[in-house]
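Biologist: I would like to learn how to read a few features of this structure. Please give the general idea first and then the case at hand.

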Amino acid sequence: MKFDVWAPYAHDVKLVVDDEEHQMRRDDKRRGWWLSDIEKTPGQRYGFSLYDGESWTAPLPDPRSARQPDGVHGLSQVTDPEFEWSDQDWTRYELKGQVIYELHVGTFSEEGTFDGVVDKLDYLADLGVTTIELMPVQPFAGERNWGYDGVDWFAVQESYGGPEGLKRLVDAAHNKGIGVFLDVVYNHFGPDGNYNGQFGPYTTAGATGWGDVVNLSGADSDEVRAYVLDAVRRWLTEFHIDGLRLDAVQTYDDRGAYSIMEQINRVADEVEAEQGPNPIIIAESDMNDPRIISDYSVGGYGLDAQWLDDVHHALHTVITAENNAYYEDFGTVEILADTLRHGYRFRNDYSRYRGRTHGRALDLAAIPPWKLITYTTTHDQVGNRAEGDRPSQNLTPTQHVLKAAVIFFSPFTPMIFQGEESFAQTPFPFFVSHTDEELMRLTREGRAHEFARYGWNFDEVPDPADPATFESAKLDWNHGEDATAVHEAYKTLLKLRSDLNLAREDLRDLQVEHSDNWMTMGYDDVVLAANLSDEPATVPVGGELVYSFSSPTVTATETQLEPWGFAVIKR
């Protein structure tokens, strides 16, 4: 294979490989592409110098770089895609019945690497986790970042272990019976180390809140879409990734007749046809738009699932009484019960937070509930708080496990955020290590503006550039008494979820009753009774007690629950 690059902005292009310059020529068949006669050899360091009509740039990394061994500002490296895989017995993958565990590679283990995650796979399997979802691992400036500042969408962060490290993790996970999802960011590029704009129109006018809008709909957007789709195919084929989570799809500037989401999903369909199994494509979206997970046949984009913040917000506000920012549309047991019944809180309803009507109802006859991913918290719901404080830092163990019981008992696909299963007392604040001090200043100002909008005090915000902020986010694996009790409760609840077949197919079968302070949720055979208040409650449902984290009294006709208590009951 020979070197080539899409660089429609350039008047001339030189390939710099192993410290030698080689003139490139225009490709007569592909608009904006440049070709070289030099063959690629694994291990070669290379870059491209661009001439803008007046001067030449220094050698720049390849926008399609497969490896950045010296970081985002260094030269690219040719990689060997071959790997000695041992996951040939990995079975066909389906989302239904999965338990997802979201983790950040740099803070999950002591080592902060892919190999560090490998060492914890037995722990995760024992907990009941069936899939890990890695926060973005594409290269970013420095060694500390959430991952949403990635700039090289085909490559892997070196400080985590590079492409070989990611493949070792996927291979080891598959051999433990655990799938691997990858969080990918196609709505903006990170601000530090992004040289793509010197090659061509990868972005366009507008802003996402994190960076310029990716050019999915303007002139030359066909090549930008191909850039995204080719990256998707690489993760699903060369790296054996089981699924992708698409970050903040509501910020895509996507005005084409075919959505980029549909095109991504069709790449997954093609990969399934070529090699199986079916890769899972998940959207993060706050649009409450059924098209995202509806079938192609009804005009949908065909994605397998979406994150569902509505259930999180409804549950969080009932237990904490927080009502600022987007939480102001929630806060009652009635709203929680309604959201559990329908999936979406907003179904063409007025939102006070947005100041407008929002959402559209799901077709519950066509869309099974496991297509909606729910959680007690996520990296966003923790890290976008002023201090990055977790729910487990503010709740009692009883309240914390109650939230998990509601999520795990529901028919939606559950997701755990790293550490919540052990009542983690470490925060997860926002952290970066940009190499440009001006970018750091702008980052701090941007966070200040965001927190002021939410009514939080910026003086309480840890400095995102301080290494101590990153270190504070690392999980503490020395579990105390509360951590051990919560961990055992999570294990039990996840086992009951499987034993009681709670990943059911039809949300319309879910029976939900409520008062101002309690709620029951379940079916003809099994029910969860939950006291969502700090006073004792008597709930009119009875039967045989299966599990509780507290000490309820269950009779044939009613259940007496302690404050914030719950009971899993066979009718």
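Biologist: In which helix is Asn-196 found?

Modeller: Some ground rules come before the answer. This is a predicted model, in which local features need pLDDT of at least 70 and side-chain atom pairs count only at pLDDT 80 or more, while totals for chains, interfaces and linings use all residues. Residues are numbered from 1 along each chain as its sequence is written, and side-chain values use heavy atoms, with hydrogens and water left out. Helices (H or I, at least four residues) and strands (E, at least two) are DSSP runs, numbered from the N terminus. Asn-196 is found in helix H5, residues 196-199.

Biologist: Is Asn-196 buried or exposed?

Modeller: Buried means under 20% relative accessible area, exposed means over 50%, and partly exposed is in between, with a 1.4 Å probe and protein chains only. Asn-196 has a relative accessible area of 3%, so it is buried.

Biologist: Which residues is Asn-196 in contact with, leaving aside its neighbours within four places in sequence?

Modeller: Contact means heavy atoms within 4.5 Å. With those neighbours left aside, Asn-196 contacts Pro-63, Val-151, Phe-189, Tyr-202 and Tyr-227.

Biologist: Which residues does the UniProt annotation "active site" cover?

Modeller: UniProt positions are given in the numbering used here, feature names are shortened, and annotations may be inferred rather than shown by experiment. According to the unreviewed UniProt entry, the "active site" annotation covers Asp-247 and Glu-284. They are spread over 38 residues of sequence but cluster in space, with a largest C-alpha distance of 5.3 Å.

Biologist: Where does Asp-247 lie, and what does it touch?

Modeller: Asp-247 lies in the loop between strand E13 (243-246) and helix H7 (260-275). Its relative accessible area is 6%, so Asp-247 is buried. Not counting residues up to four places away in sequence, Asp-247 touches Tyr-148, Asp-183, Val-184, Val-185, Asn-187, Tyr-252 and Glu-284.

Biologist: Where is the place of Glu-284?

Modeller: Glu-284 sits in the loop between strand E14 (280-283) and strand E15 (305-307). With a relative accessible area of 12%, Glu-284 is buried. Among the residues that Glu-284 touches, not counting those up to four places away in sequence, are Arg-245, Asp-247, Ala-248, Trp-307 and Asp-380.

Biologist: Which phi value does Ala-248 have?

Modeller: Ala-248 has a positive phi of about 45° although it is not a glycine. Ala-248 is found in the loop between E13 and H7, and at 3% relative accessibility it counts as buried. Ala-321 also needs a look: its phi is near 70°, a positive value in a residue other than glycine. Ala-321 is in the loop between H8 and H9 and is exposed, with a relative accessible area of 60%.

Biologist: At roughly what angle do the axes of H8 and H9 cross?

Modeller: Axes are lines fitted to C-alpha atoms, for helices over the stretch in contact, and angles run from 0 to 180 degrees between N-to-C directions. The axes of H8 (residues 309-320) and H9 (residues 333-342) come within 9 Å and cross at roughly 155°. Angles under 35 degrees count as roughly parallel, over 145 as roughly antiparallel, 65 to 115 as roughly perpendicular and the rest as oblique. H8 and H9 are therefore roughly antiparallel to each other.

Biologist: Is the crossing of H8 and H9 left-handed or right-handed?

Modeller: A crossing is left-handed if the near helix is turned anticlockwise from the far one by less than a right angle, and right-handed if clockwise. H8 passes H9 in a left-handed crossing. The contact is made by Asp-310, Val-311, Ala-314, Leu-315 and Val-318 of H8 and Val-333, Leu-336, Thr-339 and Leu-340 of H9. For residue classes, Ala, Val, Leu, Ile, Met, Phe, Trp, Tyr, Cys and Pro count as nonpolar, Asp, Glu, Lys and Arg as charged, and the others, Gly among them, as polar. The residues of this contact of H8 with H9 divide into seven nonpolar, one polar and one charged.

Biologist: How do H11 and H14 cross, and what is the handedness?

Modeller: The axes of H11 (residues 397-409) and H14 (residues 481-499) come within 10 Å and cross at roughly 15°. That makes H11 roughly parallel to H14. The crossing of H11 and H14 is right-handed. Residues making the contact include Val-401 and Phe-408 of H11 and Val-486 and Leu-493 of H14. The contact of H11 with H14 divides into 12 nonpolar, one polar and two charged residues.
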